[in-house]
Amino acid sequence: MLCQECNKRPATLHFTKIVNGEKTEFHICETCAKEKGEMIPGTPNGFSIHSLLSGMLDFESSTKSQSPGHSGPQNLQCKDCGMTYAQFSKLGRFGCPSCYQYFDSRLDPLFKRVHGSTSHVGKVPVRTGGRLKVKRQIDDLKKEMQQHIVQEEFESAAELRDQIRKLEKEMIEE
Amino acid sequence: MPNIRFTEKPLSDWMRGEAADSEIVISSRVRIARNLQHLPFPILATNQQSEEALQRLTDILQYDDLGRFGTFHTLKISELDEIDKQVLVEKHLISPNLANESRNGAVLISDDESVSVMINEEDHLRIQCLYPGCQVREAWERATVIDDAFEAHVDYAFDDRRGFLTSCPTNVGTGMRASVMMHLPALVMTHQINRILSAVSQVGLTVRGIYGEGSEAVGNLFQVSNQITLGQTEAEIIENLHGVVLQIIEHERSARERLMNESMLRITDRVMRSFGILSYAAVLESKEAAQRLSDVRLGVDLGILERPSTAAMNELNVMTQPGFLQKSFGDKMNTGERDMYRAKLIRQKLGTTL
């Protein structure tokens, strides 16, 4: 089979592209694939994670922005670096730390799909993350307290309640 | 002139160490991505802003915090020539991305080359720790201490809910990518590799060729790494990866055992032929060299061959790459010349003269 682009070289890459449910088959040679940027993993200039992400984000916007009464996500813009949500969907990368805040309303579905989760539970900066550490400690204590209450161990639950209050007070004073 | 001692010898000092399971696991690596608060990510930063990031991050070298990991040397990417950049990529000390696209890009490399800190790559800061064999826990322990040393002096972009904020959404949260490079010839030969690789992807891990994203697995070398960075703690990610790697090691070992029991003559023949070709070929393409080197490595591991040593094999893997070949023999070469010099270099290394 000859390459459908140049009709000269033999087609070595065969793939199917599905856009909005429409299926297109490609049979092209490596040279034309490189020129067209339609590459697959395992080759230089390959199909990158960013183009994959960008595909997911476009899908996001085309399905959700059609609901009436809501401003489309394409109108979102980061006030710090100026990146728009449309640019973000195209690049698959944020422009600055504040983008996370300005695009926040759109990020949960993306993170859910990429990571299966939307919140960080790992390391916290040592110097600046003290507050979050205490917050997490309080959450853990609350869970533990609930367990004691369920098991009707009220004395232990009261001890934990006092610890929680103490930590919360310290946080407010800070 | 920048200090380019790192491009002169093929094998980093850290690779010489003996380590557990090193007949199957070549190396372990942990990379963490961090960014400075109040500055755009490198992709959008102006020249001045990326210069500022570089300045603030290299300033940290004046404090003692990093000293316990050896002396660090700063290389600015713009001051390196193309071949030196390529050699640093081949030694995994910098990423292809930093070599090609970075503005005000730099790398801080420790004496023994086990720590490399990339500045202005996709993120402002990428701390990378390398260990021989299966030591992914150790690599994380070191990376997190170095991370703390930087954080003591600069404010990171961090959000209570999203964690460490990175340029690419695939790194957000822990910003950590832990990976283990494995040599899995027996799983490839017994056609079990695809089944194992697809199982690995079910548990939040991914497998790539040795030069990372978009490259194929040459010479039966596979890099297993975590895919997920949000919603799991670093310890969970490391333990998950470690557990899966141990299982793959077991599968590879039993596949090797079976090959030796069931087709010892065939394997011995294959190993000896590859050793023969490496010893006497006048022209060697990179793909063939990688495959033959893989056979010889397996032959040494199985006791079919006595030499070369594992260190020598690791050295050959780097030396036969295009960048290093050009570095050793001088001047830019075309593919044909490289194939000739590649064969020559391997003959020299194996001590074959005709």
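Tutor: Start with the term: a salt bridge is a side-chain nitrogen of Lys or Arg within 4 Å of a carboxyl oxygen of Asp or Glu. Keep in mind that this is a predicted model.

Student: Which residue forms a salt bridge with Arg127(A)?

Tutor: The closest N and O atoms of the pair are 2.7 Å apart. Since the cut-off is 4 Å, the contact counts. Arg127(A) lies in the loop between α5 and α6 of chain A, and its partner lies in the loop between α4 and β6 (158-159) of chain B, so the pair joins two chains. The partner is Asp155(B).

Student: Is Arg127(A) buried, partly exposed or exposed?

Tutor: Its relative accessibility is 43%. Buried needs under 20% and exposed over 50%, so a value in between takes the middle class. Asp155(B), at 32%, falls there too. Arg127(A) is partly exposed.

Student: Lys123(A) forms a salt bridge with Asp148(B). Is Lys123(A) buried or exposed?

Tutor: The closest N and O atoms of this pair are 2.8 Å apart. The pair crosses between chains, from the loop between α5 (104-115) and α6 (130-150) of chain A to helix α4 (residues 136-151) of chain B. Asp148(B) is partly exposed at 27%. Lys123(A) has a relative accessible area of 13%, and the limit is under 20%, so Lys123(A) is buried.

Student: In which helix do Arg56(B) and Glu52(B) lie?

Tutor: Their side chains meet in a salt bridge, 3.1 Å from N to O. Arg56(B) is partly exposed at 30%, and Glu52(B) is partly exposed at 35%. They are four residues apart, about one turn of the helix. That helix is α1 (residues 47-59) of chain B.

Student: Now the rings. What is the geometry of the aromatic pair Tyr156(B) and Phe164(B)?

Tutor: Both residues are buried. Their ring centres are 6.1 Å apart, and the planes make an angle of 80°. Over 60 degrees is the class limit, so the pair is edge-to-face.

Student: Which residue has its charged end over the ring of Phe164(B)?

Tutor: The distance to the ring centre is 3.5 Å. The cut-off is 6 Å. The residue is Arg34(B).

Student: How many aromatic pairs are there over all chains?

Tutor: Ring pairs link Tyr85(A), Phe88(A), Phe94(A), Tyr100(A), Phe103(A) and Phe111(A) into a cluster. Tyr156(B) and Phe164(B) form a pair in chain B. Over all chains, the count is nine.

Definitions and conventions:
Residues numbered from 1 in each chain as written. Chains lettered and ligands numbered in written order. Predicted model: local features only at pLDDT ≥ 70, side-chain atom pairs only at ≥ 80, totals over all residues. Heavy atoms only, no water. Buried < 20%, exposed > 50% of the residue type's maximum accessible area, 1.4 Å probe, protein only. Phe/Tyr/Trp six-rings, centres within 6.5 Å; stacked < 30°, edge-to-face > 60°. Lys NZ or Arg CZ within 6 Å of the ring centre and 35° of its normal.
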